[in-house]
Amino acid sequence: MLTLGQKIKAIRKEKGLTQAELVEDRITRNQLSLIENGINNPSISTLKFIAQRLNVPMSYFLSNDDFSMHKCQRLVTKAESYLDAGEDDKAIIEIESFLGSLNGIEDNTLSDLLGRVYTLLGIAHYNKDKSRSKQVLMEAIKYLEQTDHKLYLSKAYNYVGVIHDQEGDLEQAELYLTKANKLMLNSNLENAILKLNIAYNLSFIYLKQEKYTTLIDFVNDNLKYSKKYKVFHNFGEFNMVLSAAYRYTLNNKQAILCTLKSIEYFQFSDDEANKYTCYINLGIFYRLSGDYDNSMKYLEMAKKYFEYTEKTTKALNSSAEIVKTLFLTDDKCDNFSKLLNDTLNNISDSNENKPDLLSIKGICLLESNQIDEAYKLFEKAEAIATKPEHLEFIAYAYLGISKICKHNNEWENAYKYLDKANALPNKATRNISFE
C-alpha cells in the first residue's frame, strides 16, 4: 500500500512537475522531499495546497482505493487517446507501467476500471502479438464479468472472437462474438458502429461455417437496423457477405441485387478496391445466371483496375473468372488458350480458382485427345479441391475422369465419378466428347 508521500510523488511525476515547481514558495523543496520520503507529514493546509496544485481532491491522499481509482480513470482516458491516434506502443508502456505499480492493490472495488485497462492493453497488443492480446483480453473479461460494464466487455469478447477466428477455431469465435452481440442488442446510437462491427464479424463466422439461413436472417436484421437509424457502417460489407450466402443457396437473383447495393455503397464512399472486388462477384453471379455478356463486362473492368493498381492476386482472380466465362461461351476469343495457360501458371494451388482452371484445361486436352495429360490434371484438380460443392467447374473433372474410365472399360470408377458430378449443386452444362 502506498504511503501519503508516495502518492504525492506519483501524481507529481505523472503531471511532469519537479519538486520546486510543485511547492512554489509555499514550502521548500527540501520539505517536500521529506514528505515524499515519509520522514515528515504535511499539515492539513499544506496537503490542501498540494492537492490544489496537483488538481486532485484531498481524499485521494487519504484513501488508497480512491488514489488507485483516480490513477486508473486517468489512465483509461489517456490510453484511449493513444489508441485513437494509432500510438499502440505508448498505450502499452503507460498501462504496463501502471499495472506494475499496483503492488497487489487489485481488489473488487477496481474491477470495472481494471477490466477497462486490460481491454485497452489487449487491443493495443492486437496488431503486434495476437497471443499476448488474447491473454490480456481474457484477464479483462475476468474483471468485467464481475461488473455491469457492457461496452468494454463486448469489446473484449469481440477481439477474442476475432483472434479465435484467425486461429481457425470457429466454434470459439462464434461463442465469443455471440456474447458480444447479445450485449449490444439494446445499445444506444452512440455505440452503433461497435454494434455493427461485432455483427459483421459474427456474420463472417456464419459464412465460414456455412450457416447460410442463419446468416441471411441475421444480416438482414442488421441492415434493417442500419436503415432505421441511418447508420450505414459496414453496409457494403454486409451486402457482400449476404450475396455469398445467396450464391451458395443458389439464389443468384438475390446475390446480384445485394452486390449492386454493395457497389452503390462503395462508389459513394470512394472505396475503389471493394467496388471492383464486387465487380468480380457480379461477373460470377451473371455467369451463374447464364448472362455471359454482363459477366465479361464486369470481369474485364475488374481485371483492368487490379492490373493498373498492381494488386496481383485480385488481377489473377479476375483472369480466372474470365477464363471460366469464356469456356462456357460458344465463340471463344483467339487468345483463350494463352489466357488459360498464363493464369494457371501464375495462380497458386491454394487459390480457390485453381481446381476449376485445371478442370477446364483438362477438358481442352481431352477434347484434343491428349487423354493421359487430361487425366493428370483432373486428378490434381480433385486433390486440391477442398470444397468441391462450392466450385463451378470441378464437375467437369469428375465427368472427364468418368468418360476416360468408360473409354478404358473401368465401369466401376466411371459410375463412381459420374455420381460425384451429379451430386454437385453446380452441374456442368457443356457436353464433353473425345475420340
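Mentor: Happy to! Keep in mind that this is a predicted model, where local features need pLDDT of at least 70, side-chain atom pairs count only at pLDDT 80 or more, and totals for chains, interfaces and linings use all residues. Residues are numbered from 1 along each chain as its sequence is written, and side-chain values use heavy atoms, with hydrogens and water left out.

Trainee: How many salt bridges does a search of the whole structure find?

Mentor: Side chains of opposite charge can pair when their charged atoms come close. Here a salt bridge means a side-chain nitrogen of Lys or Arg within 4 Å of a carboxyl oxygen of Asp or Glu. With that criterion, the search of the whole structure gives 22.

Trainee: How far apart in the chain are Asp-165 and Lys-208?

Mentor: These two form a salt bridge, with their closest N and O atoms 2.8 Å apart. Asp-165 belongs to helix α10 (residues 150–166) and Lys-208 to helix α12 (residues 192–208); helices are DSSP runs of H or I with at least four residues, numbered from the N terminus. The pair therefore links distant parts of the chain, and the separation is 43 residues.

Trainee: Is Asp-165 buried or exposed?

Mentor: Buried means under 20% relative accessible area, exposed over 50%, and partly exposed in between, with a 1.4 Å probe and protein chains only. Asp-165 has 17% relative accessibility, so the class for Asp-165 is buried.

Trainee: How many residues apart in sequence are the parts tied together by Arg-247 and Glu-392?

Mentor: Their side chains meet in a salt bridge at 3.9 Å, N to O. Arg-247 lies in helix α14 (residues 235–248), while Glu-392 sits in the loop between α21 (371–384) and α22 (394–407), so the parts they tie together are apart in sequence by 145 residues.

Trainee: What separates Glu-272 and Lys-275 along helix α16?

Mentor: They form a salt bridge, the closest N and O atoms being 3.4 Å apart. Glu-272 is partly exposed at 33%, whereas Lys-275 is buried at 8%. Because they are three residues apart in helix α16 (residues 272–288), the separation is about one helical turn.

Trainee: Which residue does the side chain of Asn-351 reach at its backbone nitrogen?

Mentor: Asn-351 is in the loop between α19 (336–346) and α20 (354–367), and with a relative accessible area of 12% this residue is buried. Its side chain makes a polar contact at 2.9 Å with the side chain of Asn-317. The backbone nitrogen reached by the Asn-351 side chain, at 2.8 Å, is that of Asn-353.

Trainee: What accessible area do Trp-411, Tyr-415 and Leu-418 have together?

Mentor: Trp-411 is found in helix α23 (residues 411–422) and counts as partly exposed at 38% relative accessibility. Together with Tyr-415 and Leu-418, Trp-411 forms a nonpolar patch on the surface; patch members have over 30% relative accessible area and no salt bridge, and nonpolar side chains are joined within 5 Å, like charges within 9 Å. Accessible areas come from the Shrake-Rupley method with a 1.4 Å probe, and for these three residues the area is about 300 Å².

Key. Helices (H or I, at least four residues) and strands (E, at least two) are DSSP runs, numbered from the N terminus. A polar contact is a pair of N or O atoms within 3.5 Å; within protein, one must be able to donate a hydrogen and the other to accept it, and residues adjacent in sequence count only if both atoms are side-chain atoms.
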